[in-house]
2 protein chains.
Amino acid sequence: MATIKDVARLANVSPSTVSRVLANSPRISEETKRRVRAALEQLNYHPNAFARGLVTNSTGAIGILIPPSAEEFFVNPFFAEWMAGVAEVARQRGVDTVLSTSARGEIEMLDHMIRGRRVDGVLLIGTRRGDPVLKEISKLRCPAVLLGRPADPAHVSWVNNDNQRAAYDATLHLLNLGHRRIGFLGGASDLVVTMDRVAGYRNALVDYGVEPDPRLEVSSFFLEQGGYLGMMRLLAISDRPTAVLCADDVLAFGGMRAAHELGFEVPRDLAIVGFNDIRLAELAHPALTSVRVHMHELGVRSAGLLLEEIDQGKPLQRHVIVNHELVIRYSCGAKPIGTLTT
Amino acid sequence: MATIKDVARLANVSPSTVSRVLANSPRISEETKRRVRAALEQLNYHPNAFARGLVTNSTGAIGILIPPSAEEFFVNPFFAEWMAGVAEVARQRGVDTVLSTSARGEIEMLDHMIRGRRVDGVLLIGTRRGDPVLKEISKLRCPAVLLGRPADPAHVSWVNNDNQRAAYDATLHLLNLGHRRIGFLGGASDLVVTMDRVAGYRNALVDYGVEPDPRLEVSSFFLEQGGYLGMMRLLAISDRPTAVLCADDVLAFGGMRAAHELGFEVPRDLAIVGFNDIRLAELAHPALTSVRVHMHELGVRSAGLLLEEIDQGKPLQRHVIVNHELVIRYSCGAKPIGTLTT
DNA sequence: TTGAAAGCGCTAACAT
DNA sequence: ATGTTAGCGCTTTCAA
């Protein structure tokens, strides 16, 4: 492998000149540039990222801190779409994306990435109450963007939906449709996203004069199977819900399967509303009413913000809220009117 | 940030001793190890990947060369499941996964990754006839594993399904069901995976005494929309097919939507068989008959093979075929009998 | 069992 | 406009 020295020798200049040509410094004569570029070409030179990084202390890469529940991550279309957004801006800006598929704990991963100088900043996916990762981020003072809002005050930028409002809207829709026994099927209950969505759900009930019933709130995991199990529980209780708000479309799919298996017809016997509006929501049978959160844009904004922080070289603590819409289809039993923007 | 020197100073040893302790060299006394480890702990030392990589010439990371059509990649559940498999073994083996979301052309990306020493080896996703990437791989002689078989002889390991056989099986199933006008809806026609699947499809027809009709073979792109468009074309021809084999489940979903829109009922008016057996296949309406290719295992084997090559430090040129099964559900019109293993 | 010293390939003062 | 030099943080001979 040709090094910068080889190129320098061939072009009859010093290594620093080659380095300058590489950086396209204006203080190098065109003539020299030409000569050096010819040598670069001839030796098919390619810079060594290690050597460069060692001195510049920057990597040209951003990291994604994959949560411990990696399966839920990769397999959920939400994340795929989000990553597509991230990848889009990464590609545009010429940086690589590295997945923290290595170490053990989350803190170790973060250290591995940031302190090991493998990436210039990290994208965090979701958070829970008292999240140690966020504490470490604050300590590290490194560029980082969280998807979702932090539960406790923290020194991070984040991009999020107004989940409380979104869940409120969706619940209100169900209430307006005449439902009073409305269930909530969510992910892990200490996840901030879950907390916000239950809160919105409860608020809507209360504002409507309906007493929230804890038995109607079930937490599960973000997989189709999780939705299936959760819905089974919801439909087993004596005074079963006539409508269920699911905090994720995949959960909703699982829920629909469970309902179907138990002989309930959606939406006749049970109304269902999902969250995220993944592509398949439209294709489900019946087509799933869902809160569109603009996953791709969340990804674009996440990466954009992170790259900005990296450029600035410091945490910016900016927050962006991506808006949402309730996309009314058939699973909720309403006559589809298209999209309800809020 | 504490460096190895700081640790050395604090522990009253030389940097090389610290380095040895880090590598857990047996030639260091337990007593010294203890002292050094204490210093490591106290300073919360974390090694700099650049410095280490610069001397060891290895990265502890594997790369995934994202094809130019990045959208099709991220958004297709096939890839998500495959990546989950990759990530699983990467995590197990303690290596990071870097996504080539950077440069422009594919060759540039490969150079960026391999020659830029950002990763120790790469995973390639699919290939086409005369693929320049494979040529570059051969030239670089770097660890690399291709998902799919190369069109032309190449110096790579690969993991694949027997796509020709799989398509043959699926087509045979349709023939046995009484269909004679069978369409094929695939991805880009120069993709090897498409070539193999059409070949299997044609062979089955011929073996059954049915003359293949080129008008019944359409190529599209691997998105739901692609399936929709392709199916529209297939159903528009005068002597329309009564069954269609789709080279991808997402394509099949799009196809079902098109059929539905045109007023055809699946499977009564049109039998559909998909490929990959993504999770949602089971949830579709009607549930999609599909060739299960074991996406997750493909990922596990891909990464496993690559890591093995990296350990050996040289291309191994090994090939693994992951088996497939036809999972019979409702979209093909057969009475579901479960899984047809071959 | 440990230390000293060289060097991985590059960039960035500082000279000229 | 270009060269010289030092050094980024680590590993690894080679010596002791």
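Analyst: A residue is called buried when its relative accessible area is under 20%, exposed when that area is over 50%, and partly exposed in between. The model discussed here is predicted.

One pair to examine is formed by D277(A) and R292(A), whose side chains meet in a salt bridge with an N to O distance of 2.8 Å. D277(A) lies in the loop between β9 and β10 of chain A, while R292(A) belongs to strand β10; the two residues are 15 apart, and the pair links distant parts of the chain. R292(A) has a relative accessibility of 27%, so it counts as partly exposed. D277(A), by contrast, has a relative accessible area of 10% and is therefore buried. Elsewhere, R181(A), D213(A), R215(A) and D239(A) are joined into one network by salt bridges that share partners.

A further salt bridge is found between D311(A) and R93(A), at 2.9 Å from N to O. Because D311(A) sits in helix α13 (residues 295–312) and R93(A) in helix α6 (residues 77–93), this pair ties together parts of chain A that are 218 residues apart in sequence. D311(A) is exposed, at 55% relative accessible area, whereas R93(A) is partly exposed, at 42%.

R268(A) also forms a salt bridge, with D269(A) as its partner, and their closest N and O atoms are 3.0 Å apart. R268(A) counts as exposed, with a relative accessibility of 61%.

Over all chains, the structure holds 40 salt bridges. In general, side chains of opposite charge can pair when their charged atoms come close.

Notes: Residues are numbered from 1 along each chain as its sequence is written. Chains are lettered from A and ligands numbered from 1 in the order in which they are written. This is a predicted model: local features need pLDDT of at least 70, side-chain atom pairs count only at pLDDT 80 or more; totals for chains, interfaces and linings use all residues. Side-chain values use heavy atoms; hydrogens and water are left out. A salt bridge is a side-chain nitrogen of Lys or Arg within 4 Å of a carboxyl oxygen of Asp or Glu. Helices (H or I, at least four residues) and strands (E, at least two) are DSSP runs, numbered from the N terminus. Buried means under 20% relative accessible area, exposed over 50%, partly exposed in between (1.4 Å probe, protein chains only).
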